[in-house]
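Try each one before reading its solution.

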Amino acid sequence: MSERVKQKCSHSEEKYQTNISLETLDSGCLNSATVCGVDWTTLPDDTVIQLFSYLNYRDRASLASTCRTFRLLGSLPCLWGSLDLRSYKFDTAAAVSLSLRCKNLQRLKFPAAGSADAIVSLQARELREISGDFCRDITDAALSVIAARHEMLESIHLGPDPCERISSDAIKALAYCCPRLRRLWMSGVKEANGDAINALAKHCRQLMELGFVESDNIDEVALGNLSSLKFLSVAGTRNLKWGSVALVWSRLPQLVGLDVSRTDVNLSAITRFLSLSRNLKVLIALNCPVFEGEVDRNTMHNNKGRILLTLFSDIVKGVASLFADNLESVTDVFQHWKEIRNGDKNLDEVVVWIEWAISHSLLRIAENNLKEFDDFWLTQGAAVLLSLLQSSQEEVQERAATAVATFVVIDDEDATVHCQRAEAILCGDGIRMLLNLARSFQEVLQSEAAKAIANLSIDSKVAKAVAESGGIDILANLAKSTNRLVAEEAAGGLWNLSVGDEHKVAIAEAGGVKALVDLIFKWPPSSTDVLLERATGALANLGADEKCSMEVALAGGIHALVMLARTCKFEGVQEQAARALANLAAHGDSNSNNAAIGQEAGALEALVQLTYSQNEGEAAGALWNLSFDDKNREAISAVGGVEALVALAQSSLDASQGLQERVAGALWGLSVSETNSTAIGRQGGIAPLIALASSDVE
């Protein structure tokens, strides 16, 4: 029986499959903008435009469809300068429907799989920045086509998933087609040879930031020809020859920041970078085992004013030394920088790059979840993540929230969290920060913040703080989201919070019960339906409370749960549906749920069938509770319940005590009927019952 969500799961691109409605985007005047006597079209244009800016694209399109005035305002270029389509199914059809609005589009975030043709179909020739997730399937040809159609591109980010099918050919195409390129960041490229890197050096004279991270085959010597580079990251990249690298890269005349985190860089190379680089200000070397094994941590200091950021150095003070006079007063370094920005563009570039690089490495370290990092997380890692949550960069905030959700989980299967890490986030005001992010209108940020809140809420102290800070209302609202991933993470949060008896009524009062039931009807089952498992698990927990069980029934929960028990093939959903029905039926003396379940078409048959599955215990528990109703008792027998339970009793003599208790209880409930008693005997039920009666368990 699982009362808690198994939350630390990775999301594939299939999760981001919310459709952009073509009918909504292209509709005309669908209905009146006059509601309850108020003519909304009389609002000032500036006010309406501001309202549009707070909406996601689906809601923006829906509002624009209400009348011609809103349609015109909703299509203004100022609302379509940036698109984040990572939460949507972005295909050619969707792109065509958006194309009329995207003539002045400059920034695009997209789910990379299958999106190359779609990006071209947007006809956004003014694009300056593109950022793609899930890039495993994007090919040299696809990236080359994108580059050829968008010669104004200045920034390209592909990752964090590895770009396994991108090689030097695509990099050369980028160099030839996009001479204005200033930033190029790729994860896990197949190769970047000397010809490709030299093409960047020759054609992209403004290239100031380059990242080839987590790759295997990079021509490190050719990187020394990129004389315009100010920031270089090779974090996680393997097979670099550090002896030659240190000499070549130290000659880069503009290099200000270098990230060698999670590589096998050695002490000699680090020392050379610090002593030989002309303009180097920041060297990041997080989780570099060779270097950390060689260095004397007590004597390794910053060299010539250069800052070295490592797991054993004080990261906050190191970054703060760039701009703060009183280092002791700075605890939230990136928030402090936002408050005191002094117009120094160069320094601003450095801090922005540091945020980006550190957030990426901390997420990777959190994903590895090694015990050896306990001290780091508790002494400074958690504090750095909290500071990154308040970054001015949404991508950094997303990664920081994901890292919080990840590093706090010790055992995903048992839903176990590291209490000290969770409470470090709590004590650092992290709950308030995460709830603020969950209120964002950016759906990816909503989902990552909700995921972090859900995982942290496994700890009872954090759960209490979430509830007291208004988190239940926020999660209940997010569960109503039309974005599947946002709703899924919100349902996970409600599942974990509903474990505590003190939070059950609050969830119901916040509309959480109806939101969870509606999720079951809104989203059809898929091949790995985590969303339905979480929603059903939360309803199961809530059903254990007598008052909440009535709310579940009033919201249509019995019908929804029976539907899942009958039709859903995902074992996690079946388990939680059976557990929910068992809990709802446990209040037979105080409400009518027990009888109502029995009267629901197919309910008893579904539970009897589940006794033959891996969820036999949950099904037997539900049948036990249902058997206390006279009509249910006979109906269970009529659909084969006696035979199923006797067979389960015979096979469970060496099973868990919980299963034995439930199957014996169900047979006891059925045996109140003389007819059922006879049937139990005829099916061979006496022998296993005698064996269970001999148990040491009372």
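**Exercise 1: the cavity**

H15 supplies the largest share of the lining of the largest cavity, four residues. Keep in mind that this is a predicted model.

Task: work out how many cavities of 30 Å³ or more the whole structure has, and sort the lining of the largest cavity by class.

Solution. Start with the search: over the whole structure, one cavity of 30 Å³ or more turns up. Next, its volume: the largest cavity comes out at about 40 Å³. Now list the lining: Trp185, Glu209, Ser233, Asp259, Trp353, Trp356, Ala357 and His360. Finally, sort by class, which gives four nonpolar, two polar and two charged residues.

**Exercise 2: the nonpolar cores**

Task: find which residues touch the most other members of the largest nonpolar core, and which residues isoleucine 358 contacts beyond its neighbours within four places in sequence.

Solution. The largest nonpolar core holds 143 residues, and Ile358 and Leu362 touch the most other members. H15 gives the most to this core, with 12 residues. Then take isoleucine 358 and skip its neighbours within four places in sequence: what's left is contact with Ile284, Leu286, Leu309, Ile315, Val384 and Leu388.

**Exercise 3: a bent helix**

Task: say where helix H16 bends, and why H16 can be called largely enclosed by the rest of the structure.

Solution. First the geometry: H16 covers residues 374-388 and bends by about 55 degrees at glutamine 380. Then the burial count: 11 of the 15 residues of H16 are buried, so the helix is largely enclosed by the rest of the structure. Gln380, where the bend sits, is one of the buried residues. Val384 and Leu388 are also among them, and both turned up as contacts of isoleucine 358. Last, the surroundings: the buried residues of H16 pack against helices H13 (315-320), H14 (333-340), H15 (345-368), H17 (394-407), H18 (419-427) and H19 (430-438).

**Exercise 4: one serine**

Task: decide whether serine 168 is buried or exposed, and list its contacts beyond neighbours within four places in sequence.

Solution. Locate it first: serine 168 lies in helix H8, residues 168-177. The cut-off for buried is under 20% relative accessible area. Serine 168 has 1% relative accessibility, so it counts as buried. Leaving aside neighbours within four places in sequence, serine 168 is in contact with Glu191, Ala192, Asn193 and Ala196.

Technical notes: Residues are numbered from 1 along each chain as its sequence is written. This is a predicted model: local features need pLDDT of at least 70, side-chain atom pairs count only at pLDDT 80 or more; totals for chains, interfaces and linings use all residues. Side-chain values use heavy atoms; hydrogens and water are left out. The bend at a residue is the angle between axes fitted to the seven residues ending there and the seven starting there. Helices (H or I, at least four residues) and strands (E, at least two) are DSSP runs, numbered from the N terminus. Buried means under 20% relative accessible area, exposed over 50%, partly exposed in between (1.4 Å probe, protein chains only). Contact means heavy atoms within 4.5 Å. A nonpolar core is a set of buried Ala, Val, Leu, Ile, Met, Phe, Trp, Tyr and Cys residues joined through side-chain atoms within 4.5 Å. On a 1 Å grid over the protein atoms alone, a cavity is a set of points where a 1.4 Å probe fits but cannot get out, and a pocket is an open set with protein on both sides within 12 Å along at least five of seven lines; lining residues have an atom within 4 Å of a point. Grid points are joined across faces, edges and corners, and a volume is the space filled by probe spheres set on the points. Ala, Val, Leu, Ile, Met, Phe, Trp, Tyr, Cys and Pro count as nonpolar, Asp, Glu, Lys and Arg as charged, and the others, Gly among them, as polar.
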